[in-house]
Amino acid sequence: MKIGVLSDTHDSLPAQVLEAMREADEIWHLGDVTRPFILSSLQDLGIPLQVVAGNCDHNVEWPETLRLERMGIRFYLIHIPLYRAPEGVDVLLHGHTHMPRDEMIEGCRFMNPGAVAGSYKGSPHGFAMMTLSETGSIGWERLEL
(Lines give C-alpha, C1' and ligand atoms only; values in the text may rest on other atoms or scores of the structure.)
Protein backbone atom coordinates (compact mmCIF):
# COMPACT_ATOMS: atom_id res chain seq x y z
CA MET A 1 0.00 0.00 0.00
CA LYS A 2 1.32 3.43 -0.97
CA ILE A 3 0.24 6.60 0.84
CA GLY A 4 1.08 10.10 -0.34
CA VAL A 5 1.78 12.31 2.69
CA LEU A 6 1.86 16.07 2.45
CA SER A 7 1.55 19.05 4.73
CA ASP A 8 1.66 22.82 4.79
CA THR A 9 0.57 23.39 1.20
CA HIS A 10 -0.52 26.95 2.08
CA ASP A 11 -2.57 27.31 -1.13
CA SER A 12 0.16 25.79 -3.31
CA LEU A 13 0.00 22.41 -5.02
CA PRO A 14 2.81 22.09 -7.58
CA ALA A 15 2.22 19.84 -10.59
CA GLN A 16 5.05 17.54 -9.39
CA VAL A 17 3.15 16.80 -6.17
CA LEU A 18 -0.12 16.18 -7.97
CA GLU A 19 1.57 13.87 -10.46
CA ALA A 20 3.23 11.83 -7.68
CA MET A 21 -0.09 11.48 -5.84
CA ARG A 22 -1.55 9.64 -8.87
CA GLU A 23 0.53 6.62 -7.80
CA ALA A 24 -0.89 6.56 -4.26
CA ASP A 25 -3.61 4.31 -2.87
CA GLU A 26 -4.47 7.05 -0.35
CA ILE A 27 -3.48 10.66 0.29
CA TRP A 28 -3.02 12.10 3.79
CA HIS A 29 -2.79 15.88 4.22
CA LEU A 30 -1.46 16.92 7.63
CA GLY A 31 -2.88 20.44 7.74
CA ASP A 32 -2.36 24.04 6.70
CA VAL A 33 -4.22 23.59 3.45
CA THR A 34 -5.32 27.20 4.12
CA ARG A 35 -8.16 27.44 1.60
CA PRO A 36 -10.14 24.30 0.71
CA PHE A 37 -9.98 24.87 -3.06
CA ILE A 38 -6.44 23.47 -3.02
CA LEU A 39 -7.87 20.01 -2.28
CA SER A 40 -10.04 19.98 -5.42
CA SER A 41 -7.19 18.73 -7.62
CA LEU A 42 -6.44 15.94 -5.15
CA GLN A 43 -10.11 14.96 -4.89
CA ASP A 44 -10.36 14.88 -8.69
CA LEU A 45 -7.82 12.02 -8.69
CA GLY A 46 -10.48 9.79 -7.11
CA ILE A 47 -8.04 8.54 -4.47
CA PRO A 48 -9.22 8.42 -0.84
CA LEU A 49 -8.14 11.64 0.90
CA GLN A 50 -7.76 12.19 4.65
CA VAL A 51 -7.24 15.73 5.96
CA VAL A 52 -6.58 17.15 9.43
CA ALA A 53 -6.92 20.85 10.20
CA GLY A 54 -3.84 22.97 10.73
CA ASN A 55 -3.42 26.19 12.67
CA CYS A 56 -3.91 28.23 9.45
CA ASP A 57 -7.07 26.35 8.44
CA HIS A 58 -10.54 27.59 9.18
CA ASN A 59 -12.54 24.67 7.80
CA VAL A 60 -14.55 23.28 10.70
CA GLU A 61 -15.33 20.08 8.76
CA TRP A 62 -11.77 18.82 9.10
CA PRO A 63 -10.90 17.09 12.36
CA GLU A 64 -7.90 18.19 14.42
CA THR A 65 -6.70 14.60 14.68
CA LEU A 66 -7.35 11.28 12.99
CA ARG A 67 -6.64 7.74 14.15
CA LEU A 68 -6.25 5.34 11.24
CA GLU A 69 -5.16 1.74 10.97
CA ARG A 70 -3.63 0.38 7.79
CA MET A 71 -1.95 -3.01 7.37
CA GLY A 72 -2.13 -3.50 11.14
CA ILE A 73 -0.20 -0.27 11.83
CA ARG A 74 -1.89 2.32 14.06
CA PHE A 75 -1.46 5.92 12.85
CA TYR A 76 -2.22 9.23 14.50
CA LEU A 77 -2.47 12.26 12.19
CA ILE A 78 -2.18 15.76 13.64
CA HIS A 79 -0.86 19.10 12.44
CA ILE A 80 1.03 20.43 15.47
CA PRO A 81 3.26 17.69 16.89
CA LEU A 82 2.86 16.32 20.38
CA TYR A 83 5.78 15.65 22.71
CA ARG A 84 4.50 12.15 23.36
CA ALA A 85 2.33 9.91 21.23
CA PRO A 86 -1.10 8.94 22.51
CA GLU A 87 -1.44 5.42 23.85
CA GLY A 88 -1.86 2.72 21.25
CA VAL A 89 -0.15 4.59 18.40
CA ASP A 90 2.65 3.13 16.30
CA VAL A 91 3.25 6.14 14.04
CA LEU A 92 2.52 9.81 14.65
CA LEU A 93 2.43 11.88 11.46
CA HIS A 94 2.50 15.66 11.74
CA GLY A 95 3.25 18.86 9.85
CA HIS A 96 3.53 22.43 11.19
CA THR A 97 7.31 22.67 11.68
CA HIS A 98 8.06 22.65 7.92
CA MET A 99 11.01 20.40 8.80
CA PRO A 100 11.25 16.77 7.63
CA ARG A 101 11.36 14.25 10.46
CA ASP A 102 11.67 10.51 10.94
CA GLU A 103 12.61 9.42 14.45
CA MET A 104 11.61 6.98 17.18
CA ILE A 105 10.45 8.37 20.51
CA GLU A 106 9.44 5.98 23.27
CA GLY A 107 8.51 3.24 20.80
CA CYS A 108 6.54 5.46 18.43
CA ARG A 109 7.78 6.62 15.04
CA PHE A 110 7.33 10.39 14.53
CA MET A 111 7.27 11.44 10.88
CA ASN A 112 6.88 14.78 9.09
CA PRO A 113 7.02 15.08 5.29
CA GLY A 114 8.15 18.72 5.51
CA ALA A 115 6.29 21.54 3.82
CA VAL A 116 5.09 21.73 0.25
CA ALA A 117 5.26 25.54 0.60
CA GLY A 118 7.20 27.79 2.98
CA SER A 119 10.59 26.33 3.87
CA TYR A 120 12.04 26.87 7.33
CA LYS A 121 15.71 27.16 8.28
CA GLY A 122 16.76 26.17 4.77
CA SER A 123 14.74 22.97 4.64
CA PRO A 124 13.77 22.29 1.03
CA HIS A 125 10.11 22.07 0.08
CA GLY A 126 8.82 18.54 -0.26
CA PHE A 127 6.41 15.75 0.56
CA ALA A 128 6.65 12.01 1.19
CA MET A 129 5.52 8.67 -0.14
CA MET A 130 4.98 6.04 2.53
CA THR A 131 4.84 2.35 1.63
CA LEU A 132 3.25 -0.18 3.97
CA SER A 133 3.87 -3.88 3.63
CA GLU A 134 1.81 -6.81 4.88
CA THR A 135 4.68 -7.65 7.24
CA GLY A 136 4.22 -4.33 9.04
CA SER A 137 7.27 -2.57 7.66
CA ILE A 138 7.10 1.09 6.65
CA GLY A 139 9.02 2.64 3.79
CA TRP A 140 9.41 6.43 3.85
CA GLU A 141 10.69 8.35 0.84
CA ARG A 142 10.89 12.12 1.04
CA LEU A 143 10.71 13.87 -2.31
CA GLU A 144 12.04 17.40 -2.64
CA LEU A 145 10.53 20.03 -4.87
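Two strands count as paired if DSSP finds at least two bridges between them. The model shown in these views is predicted.

**View 1. The open sheet of 5 strands.** The strands follow the order β4-β5-β6-β8-β7, and their pairing is mixed. At the edges lie β4 (65–70) and β7 (101–105), each of which pairs on one side only. With direction ignored, neighbouring strands of this sheet are turned against each other by 20° on average. Strands of a sheet pair through backbone hydrogen bonds, in either the parallel or the antiparallel sense.

**View 2. Pairing of β5 with β6.** Strand β6 (residues 91–93) and β5 run in the parallel sense, paired over 3 bridges. Opposite F75 stands V91 of β6.

**View 3. The aromatic pair W28 and F75.** The structure holds 1 aromatic pair. The ring centres of W28 and F75 are 5.0 Å apart and the ring planes meet at 75°, so the pair is edge-to-face; the cut-off for this class is over 60 degrees. Distant parts of the chain are linked by the pair: W28 belongs to strand β2 (residues 26–29) and F75 to strand β5 (residues 73–78), 47 residues apart.

View 4. F75, at 1% relative accessibility, counts as buried. The cut-off for buried is under 20% relative accessible area. F75 is thus shown here as a partner of W28 in the edge-to-face pair and, in View 2, as the residue opposite V91.

Conventions: Residues numbered from 1 in each chain as written. Predicted model: local features only at pLDDT ≥ 70, side-chain atom pairs only at ≥ 80, totals over all residues. Heavy atoms only, no water. Phe/Tyr/Trp six-rings, centres within 6.5 Å; stacked < 30°, edge-to-face > 60°. Helix = DSSP H or I, 4+ residues; strand = E, 2+ residues; numbered from the N terminus. Buried < 20%, exposed > 50% of the residue type's maximum accessible area, 1.4 Å probe, protein only. Axes fitted to C-alpha atoms, helices over the stretch in contact; angles between N-to-C directions.
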